[in-house]
Amino acid sequence: MTIVVDTTTPPCAFVPEVYQDELLHSPPARTDITAAEWEKLTVKRATAHRQCAGCPLMVECLYRAVVEMDVSGYVACTTESDRLSIRRRLGIEIHEPTTVAYGAARVGGGPVSHEAVMTARQAYPKDTCHQLADRLGCSTSTIKRHLRRAREQKREDAVAPSAPSLPSVDAVLDMFDELESSKVA
Ligand code: SF4
C-alpha cells in the first residue's frame, strides 16, 4: 500500500480550530483577560505563527488576504487588524467582503458576517453592542469590531479619491515585516 503525502496541504488545515479562535484573530487587550489567559493566548499565537511562517503557501496566502479578500480569522501570521493596517499603509481597500472559504476552513456556524452585523445595526439602531451580540449569537467584541470597521470604511470612503493600482508582493511583504505580529517567535 502506498501512502501519498500531499505536501501542499497548509498547516492550518490540520488545526482549523486554532485559526478560528476569535481570541487569536481579534485579540483582546492585555488588561481584558487574566494573566493565565494571556499566557495561553501567547502560546497559541506563537504556535499558529510558526505554522504559518513554515507554510509553503505563506506569501500567496498573505498577499491574497491583504489585497484580494477581506477574510476572517488568523491568516498568514496576521490578525484581521494587522491586515487592515497593511491595507491602510498601502492605500488599498477591499470593497466586496467575501464569504468564500479561505485559509483555515470555517466550521459550525462560523463567524458572524459583516453584513449581518450591519443589517442588525440598521434594524435595531438603539440596541447596545451587547444586545446586538445577543441577537446574532456572537460576542460583544465581534459586534464592536464590525462597527469599528464600518466607521473606518466610511472615513476612508470620504477621503479616497480613486482606487489605486494593486501593490506588489514585495510591497505587502515589506509592510508585513514592520508589524509586531511578524516578530512573534
Ligand atoms: S493560514 Fe495561510 S500561511 Fe497560515 S497555514 Fe494556512 S495557508 Fe498557510
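This report describes a predicted model, from its overall fold to single residues.

## Basis and confidence

Residues are numbered from 1 along each chain as its sequence is written, and side-chain values use heavy atoms, with hydrogens and water left out. In this predicted model, local features need pLDDT of at least 70 and side-chain atom pairs count only at pLDDT 80 or more, while totals for chains, interfaces and linings use all residues.

The chain has a mean pLDDT of 83. pLDDT is the predictor's confidence in each residue, from 0 to 100. A value of 70 or more is reached by 84% of the residues. Over residues 98–108 the pLDDT is below 50. Beyond near neighbours in sequence, that stretch has 21 contacts in the model; contact means heavy atoms within 4.5 Å. Where pLDDT is low, the predicted coordinates should not be read in detail.

## Overall fold

The chain holds nine helices and zero strands. Helices (H or I, at least four residues) and strands (E, at least two) are DSSP runs, numbered from the N terminus. The order of elements is α-α-α-α-α-α-α-α-α.

Of the 185 residues, 35% are buried. Buried means under 20% relative accessible area, exposed over 50%, and partly exposed in between (1.4 Å probe, protein chains only). Among contacts with a separation of 6 or more, 69% come from residues 24 or more positions apart.

## Helix α4 and its cover

Helix α4 spans residues 58–68. Its buried residues are M58, C61, L62, Y63, A65, V66 and V67. An α-helix has 3.6 residues a turn, so residues three or four places apart point the same way.

## The loop between α4 and α5

A76 lies in this loop. It has a positive phi of about 50° although it is not a glycine. A76 is buried, with a relative accessible area of 3%.

C77 is buried, at a relative accessible area of 1%.

## Rings and charges

The whole structure contains one aromatic pair. The ring centres of Y19 and Y74 are 6.1 Å apart and the planes stand at 50°, so the pair is tilted. Rings of Phe, Tyr and Trp (its six-membered ring) pair if their centres lie within 6.5 Å; planes under 30 degrees apart count as stacked, over 60 as edge-to-face and the rest as tilted. Y19 lies in helix α1 (residues 16–19) and Y74 in the loop between α4 and α5, so the pair ties together parts that are 55 residues apart in sequence. Both tyrosines, Y19 and Y74, are buried.

Two arginines sit over rings. A charge sits over a ring if NZ of Lys or CZ of Arg is within 6 Å of the ring centre and within 35 degrees of the ring normal. R45 has its charged end over the ring of W38, 5.8 Å from the centre. R135 lies over the face of Y124, at 3.5 Å from the ring centre.

## Links across the sequence

D82 lies in helix α5 and is buried at 10% relative accessibility. Leaving aside neighbours within four places in sequence, D82 is in contact with C77, L179 and S181.

L136 is in helix α7 and is partly exposed, with a relative accessible area of 28%. Not counting residues up to four places away, L136 touches V112, A116, V117, A120 and I143. G137 is placed in the loop between α7 (129–136) and α8 (140–159). At 68% relative accessibility, G137 counts as exposed.
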